[in-house]
Amino acid sequence: MTAPQEPGLPDAAHGAEPIETDALVIGAGPVGLFQVFQLGLQEIGAHVVDSLAQAGGQCIELYPDKPIYDIPALPACTGRELTERLLQQAAPFRAGFHFGQEVTGLEVRPEGGFDVFTSSGAAFRCKVVMLAGGVGAFQPRRLKVEGLAGFEGTQVFYHPVVQPEAVAGGDVVIVGGEESALTAALALAASRRARSVTLLHRRASIQAPPDGLANLQAASEAGMMRFRVGQVIGAEAAEGRLAQLHIAPPDGVPIQLPVDHLWVYQGLSPRLGPLAHWGLGLDRKQVVVDTEKFETNIAGIHAVGDINTYPGKQRLILSGFHEATLAAIAAAARVHPGRRQTLEYTTSSTRLHRLLGVAGG
Ligand SMILES: Cc1cc2nc3c(=O)[nH]c(=O)nc-3n(C[C@H](O)[C@H](O)[C@H](O)COP(=O)(O)OP(=O)(O)OC[C@H]3O[C@@H](n4cnc5c(N)ncnc54)[C@H](O)[C@@H]3O)c2cc1C
C-alpha cells in the first residue's frame with residue numbers, strides 16, 4: 001500500500017514527479033468517497049481528484065440541505081451530512097484529496113498501470129483507476145464580462161469554500177441568486193472579517209428556504225451586508241488589481257461597486273469532458289461496465305456510480321455503494337496479485353480492525 005498524502009494538502013507534484021498510488025479515484029462524490037473506504041479495506045491506497053472545491057459531488061452541490069430518505073440504516077440525512085459521514089468513514093485510509101482540478105488525460109503504460117494528468121499540472125502513476133465521475137466534471141457557469149478572466153484564482157473565484165481570513169478587510173461582491181450564494185454571503189457577513197459584503201443578483205428574488213431569506217433580511221437590517229439587484233456589465237482594474245465592477249440595475253442607471261474579491265455562484269453544469277476520448281466503451285454518454293467487477297473495456301479501469309451503465313442500472317447512491325464494493329474486490333486482484341481473497345467481516349476480522357484503527361469486539 002503506497003503512502004498517500006494528508007487529505008487537503010496542496011499538490012506537491014505540479015508539473016513535477018508523478019504521485020505514485022495504488023488507485024486513482026476520479027470524483028469525490030458519495031460513490032467516490034465510499035470507493036476510498038472499500039479500497040482501504042482491500043489495502044489499496046488511493047488519491048482522489050475532483051474538479052469541485054470540496055467533496056460530496058451532487059449531494060453537496062445540488063442538495064446539501066435536503067433530506068435523503070433511502071440510504072440504508074439512515075432514515076433521513078441531508079446531502080451534507082451524508083458527505084461528512086462518508087469522509088469520516090474513509091478517514092482511516094488517509095487518501096490524498098486534490099480538489100479544484102479536472103482529470104484531463106490518461107495514458108495506459110505498456111508495462112502496466114496508468115499515467116493520469118490533471119488540469120492543474122498534477123500527474124499520478126497508478127495501478128488501477130476508479131472512475132466515479134457521476135454526470136461529469138462540474139464546471140462553474142462563468143461571468144462573461146471582459147476583464148475578469150485575468151483575475152481568476154487571485155481575486156475572482158467560482159463557487160469557493162468560504163474562508164473569511166482570505167478576504168479580511170476587503171470589499172467582497174458575491175454574485176448569484178441561489179442558496180449557495182446566499183449561504184456564502186451570510187457566512188462571510190457573520191464572520192465580520194470583510195470590510196463590506198454585497199450579494200448581487202439580477203432579479204429581486206433569491207431562491208432559498210424561508211429561514212435563509214429571513215437571515216438575509218436580518219443581516220441587511222443590521223448593516224452586516226447588503227443585497228443589490230443588478231448585473232455585472234464591466235470590470236475595471238487599477239495598479240494591476242481588479243478594483244471596480246460596473247453594475248447595471250434593472251431600472252437603468254449603471255453604478256460602480258468597489259471590489260477586492262468577487263465570488264460567483266451561478267450554478268454548475270456537468271460535462272463528461274476528456275473521459276469521452278479515452279477509448280472507453282460508451283452508451284449514451286455512460287461508461288459501459290460488467291456487473292461482476294464494474295470494469296470497463298480497458299482492464300484496470302473500473303467505473304462506479306452515476307457514470308456507468310449496465311442492464312438494470314439505477315442512478316441511486318445505494319447502487320453506487322454496491323458497485324464500489326465489488327470494484328474494490330476486483331481491483332485487489334490486480335494490486336495484490338497472488339493474494340488469496342476471502343470474505344472478511346468488519347465485525348470480526350482482526351486484520352480489518354487493524355486497518356480501521358479500531359480495537360474490535
Ligand atoms: C436533486 C437530486 C436529489 C437526489 N436525491 C437522491 C436520493 O434521494 N437518493 C439517491 O440515492 N440518489 C439521489 N440523487 C442521485 C444521487 O445524487 C447520485 O446518484 C449520486 O450523487 C451519484 O454519486 P457519484 O459519486 O456517482 O457522482 P456525483 O455525485 O455526480 O459526483 C461525481 C464527482 O466527480 C467529479 N468529476 C467528474 N469528472 C471529473 C473529472 N474528469 N475530473 C475531476 N472530477 C470529476 C464531479 O465534479 C463530481 O464532484 C439525487 C440527485 C439529485 C440531483
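The ligand is surrounded by 36 residues, and the closest of them are Gly27, Gly29, Gly57, Gly134 and Gly305; a residue is counted here if its C-beta atom, placed from the backbone, lies within 6 Å of the molecule. The structure is a predicted model, in which local features need pLDDT of at least 70 and side-chain atom pairs count only at pLDDT 80 or more, while totals for chains, interfaces and linings use all residues. Residues are numbered from 1 along each chain as its sequence is written.

By class, the shell around the ligand comprises 19 nonpolar, 12 polar and five charged residues. In this classification Ala, Val, Leu, Ile, Met, Phe, Trp, Tyr, Cys and Pro count as nonpolar, Asp, Glu, Lys and Arg as charged, and the others, Gly among them, as polar. At least two residues of the shell come from each of α1, α2 (57-61), β9 (137-140) and α6 (317-335). Helices (H or I, at least four residues) and strands (E, at least two) are DSSP runs numbered from the N terminus.

Helix α1 also packs against other helices. The axes of α1 and α6 come within 8 Å and cross at roughly 35°; axes are lines fitted to C-alpha atoms, for helices over the stretch in contact, and angles run from 0 to 180 degrees between N-to-C directions. The contact involves, among others, Pro30, Val31 and Phe34 of α1 and Ile317, Gly320 and Phe321 of α6, where two residues are in contact if their C-beta atoms, placed from the backbone, lie within 7 Å. This contact of α1 with α6 has 11 nonpolar, four polar and no charged residues. α1 passes α6 in a right-handed crossing. A crossing is left-handed if the near helix is turned anticlockwise from the far one by less than a right angle, and right-handed if clockwise.

Helix α1 (residues 30-41) meets helix α3 (residues 79-90) as well, with axes that come within 9 Å and cross at roughly 20°. The two helices α1 and α3 are therefore roughly parallel to each other, a term for angles under 35 degrees, with over 145 counted as roughly antiparallel, 65 to 115 as roughly perpendicular and the rest as oblique. Their crossing is left-handed. Residues of α1 including Leu33, Phe34 and Phe37 meet residues of α3 including Leu82, Leu86 and Leu87.

Elsewhere, helix α4 (residues 179-191) packs with helix α5 (residues 210-221) at an angle of about 40°, their axes being 10 Å apart. That makes α4 oblique to α5. α4 passes α5 in a left-handed crossing.

On the scale of the whole chain, the domain assignment gives domain 1 (19-139 + 269-356) and domain 2 (142-266), with bounds that come from an automatic or database domain assignment. The centres of domain 1 and domain 2, taken over C-alpha atoms, are separated by 34 Å.
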